[in-house]
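Hi,

Here is the structure I promised to pass along.

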Amino acid sequence: MLRASTCADGRTLDVDERRDRLQALGELLRRLRRDAGFTGKDLARRAQIAQPTISRIETGQLLPTPDTVERLVAALGLDGAGRAELDALLVRLREEVSRLKGGLAGREAANAARLRAGHRVVCFQSAMIPSLLQTAEYARLALAVGRDVEAGDVAKAAAVRVEAQAVLFDGAREFSFLLTEGAVRTWPGPPSLMLAQLDRLGQVATLSHVKLGVVPWAVKVPAFPLHGFTIYDDTVSVVESLTGDLTLTGPDELAAHVETFEAFAGVAVYGDELRKLLESIADDYRLLVERLEK
């Protein structure tokens, strides 16, 4: 008999399908271990993970944590292709498990797990500030505006999102953000909140391992920015939609997103030019605040 569970957003998750994916993950790890010439004991020792944990993952009984995955990847010496295959299964499993735990907060927990596991993040947004760069108030509104969601779920999800931003200050990671001016000029609440948001962008741009660019409206765009996306470690690209995240791992899909990012990066402004642009936009928001207060 087919069994299923229902998320807070009403979407039905097939439990048997989730079990099959866990088994597929276990089979993949077993194959990768054998290809590397390791026994389960060898891998456990190299990864500094208890052998029973390896066994439970390989038999489809345990979904590994991001830290465990990183240890396994390092111990197995996986190349890009091997890592991509592993990530493709893990991303889907984590999303399903986290969402099952509860609504928007579960979705944010899945995103946070993906961030903790990543080392290089490349993000393009044409309509909103990336979640990693949002102030707490912007995050709350971004999660709530136009959605039929409970205030408690929004508050929890926003807290998870803001907490996940701690990875930004890890100098061992690399972040590249690219926004259109339209994304910076779109305000989900009172325009005054964008002054704090612009200040946040300026602060993040000073971090040496973070590259932040904005494409001014006065520049001809190289392509239509139909949607935003975030690429993790060159192996997975995630597109946020109104009903959930789309996880793309195909080489052609990843290549298209990388090409789009590079094209927009070529017409973006950075450094001093970026600061001048943000100051100009901040002046416009101040005028807007004054006009609305009259």
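**What turned up**

Leaving out neighbours within four places in sequence, F177 touches C123, P130, L132, L133, L168, V210, K211, L212 and G213. Keep in mind that this is a predicted model.

F177 also shows up in the largest nonpolar core, a set of 38 residues in which F177 and L201 have the most contacts. Helix α12 (residues 271-293) supplies the largest share of that core, with seven residues. Another core lies apart from it and has 21 residues, including F38, A44, A47 and I57.

On to the charged pairs: there are 14 salt bridges by count. One of them joins the side chains of R33 and E58, at 2.6 Å from N to O. R33 sits in helix α1 and E58 in helix α3 (residues 51-58), so this pair ties together parts 25 residues apart in sequence. R33 is buried at 9% relative accessibility, and E58 is buried too, at 8%. R30 joins R33 and E58 in a network of salt bridges.

E108 and R161 also form a salt bridge through their side chains (2.7 Å, N to O). Here helix α6 (residues 103-117) holds E108 and helix α8 (residues 151-164) holds R161, so the parts tied together are 53 residues apart in sequence. Both E108 and R161 are buried.

Then there is E181 with R185, whose closest N and O atoms are 2.6 Å apart. E181 is buried, with a relative accessible area of 3%, whereas R185 is partly exposed at 31%.

Cheers

Key
Residues are numbered from 1 along each chain as its sequence is written. This is a predicted model: local features need pLDDT of at least 70, side-chain atom pairs count only at pLDDT 80 or more; totals for chains, interfaces and linings use all residues. Side-chain values use heavy atoms; hydrogens and water are left out. A nonpolar core is a set of buried Ala, Val, Leu, Ile, Met, Phe, Trp, Tyr and Cys residues joined through side-chain atoms within 4.5 Å. Buried means under 20% relative accessible area, exposed over 50%, partly exposed in between (1.4 Å probe, protein chains only). Helices (H or I, at least four residues) and strands (E, at least two) are DSSP runs, numbered from the N terminus. Contact means heavy atoms within 4.5 Å. A salt bridge is a side-chain nitrogen of Lys or Arg within 4 Å of a carboxyl oxygen of Asp or Glu.
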